[in-house]
Structures are given as C-alpha cells and as structure tokens.
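Here is a short tour of a structure, written for someone who likes to check the atoms along the way. Please keep the viewer open as you read.

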Amino acid sequence: VQLVESGGGLVQAGGSLRLSCAASGSISSINAMGWYRQAPGKQRELVATINSRDSTNYADSLKGRFTISRDNAKNTVYLQMNSLKPEDTAVYYCIVTLGIYTYWGQGTQVTVSS
C-alpha cells in the first residue's frame, strides 16, 4: 500500500490549506483514513479520522477549523484546514487502516507564519 500526500506548504496565519492523500496498491477495503501531525519537539498527535461510514473524529482543539473528508472511489482522504495558526505548524501524516494494519504516509510539511 502506498500513500501519496500533497497540499502542504507555507501559509500566513488565518489562511487555509487542503491536504490530500491518495492510497494505491493492494487495497480491498479501507476501514479508516485520517491524519496525524507532529510539531518539532512534540509527540505525534491525532488530527482527525474518518471511517467507512463517514463517521468522523477530531482532536478537540481542532474542531471547527479542520474538516476531514474522503472519496472512496479515489481512495483519497482530504483535510481542509482553515483559520490556520502558527501552532498548526507541523509535519502532517496520512494514515490508512486496512483490517488490522495501519499504513503511514511520508508526511507533508505545513508551515504557518505569523
């Protein structure tokens, strides 16, 4: 299973970015897709997940600013990030769960300048 992330970059505070992650390879049925992030010097943390029934779960601190969605036909998960803050600066990782296995993307850098 390969995960290809895109959409990261540099944005000013208050701006928006949309991350995408496309899964390919031996994919039969994706259970859940989602995003984690890791800021410098901090532990990796959950951003949001979405399951096969489109039920979503967000980190409490991000509710209202971030929106996760998925396109099952394209095996792609998206993360719309609005009202970005400098503290959102991190490497964002895509995850895909297939059965008991979880796969990680290589990460995409998001930098929010003040």
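## The nonpolar core

In this predicted model, the largest nonpolar core is made up of 29 residues. Trp35, Leu79, Met81 and Tyr92 are the ones with the most contacts inside that core. Two or more residues each come from strand 3 (17–24), strand 4 (32–38), strand 5 (45–51), strand 7 (66–71), strand 8 (76–81), strand 9 (90–98) and strand 11 (108–113). Strand 9 provides the largest share, with five residues.

Leaving out residues up to four places away in sequence, Met81 touches Gly15, Ser16, Leu17, Leu19, Arg65, Phe66, Tyr92 and Val110.

## The disulfide

How many disulfides does a search of the whole structure find? There is one, and Cys21 and Cys94 form it, with their sulfur atoms 2.1 Å apart. Cys21 belongs to strand 3 and Cys94 to strand 9, so the pair ties together parts that are 73 residues apart in sequence.

Are the two cysteines buried or exposed? Cys21 has a relative accessible area of 0%, so Cys21 is buried. Cys94 is buried as well, with a relative accessible area of 0%.

## A buried aspartate

Asp88 sits in the loop between strand 8 and strand 9. Its relative accessible area is 0%, which means that Asp88 counts as buried, the cut-off being under 20%.

What does the side chain of Asp88 meet there? One partner is Arg37, whose side chain is joined to that of Asp88 by a polar contact of 3.0 Å. A polar atom of the Asp88 side chain also lies 2.8 Å from the backbone nitrogen of Lys85. Setting aside neighbours within four places in sequence, the residues in contact with Asp88 are Arg37, Leu62, Arg65, Phe66, Ser83, Val110 and Val112.

## Two positive phi angles

Ser83, one of those contacts of Asp88, is found in the loop between strand 8 and strand 9. Its phi is positive, about 50°, although Ser83 is not a glycine. The relative accessibility of Ser83 is 42%, so this serine counts as partly exposed.

Asp54 also has a positive phi without being a glycine, with a value near 65°. You can find Asp54 in the loop between strand 5 and strand 6 (56–58). With a relative accessibility of 46%, Asp54 counts as partly exposed.

Notes:
Residues numbered from 1 in each chain as written. Predicted model: local features only at pLDDT ≥ 70, side-chain atom pairs only at ≥ 80, totals over all residues. Heavy atoms only, no water. Core = buried A, V, L, I, M, F, W, Y, C linked by side-chain atoms within 4.5 Å. Buried < 20%, exposed > 50% of the residue type's maximum accessible area, 1.4 Å probe, protein only. Helix = DSSP H or I, 4+ residues; strand = E, 2+ residues; numbered from the N terminus. Contact = heavy atoms within 4.5 Å. Disulfide = S-S within 2.5 Å. Polar contact = N/O pair within 3.5 Å; in protein donor to acceptor, adjacent residues only side chain to side chain.
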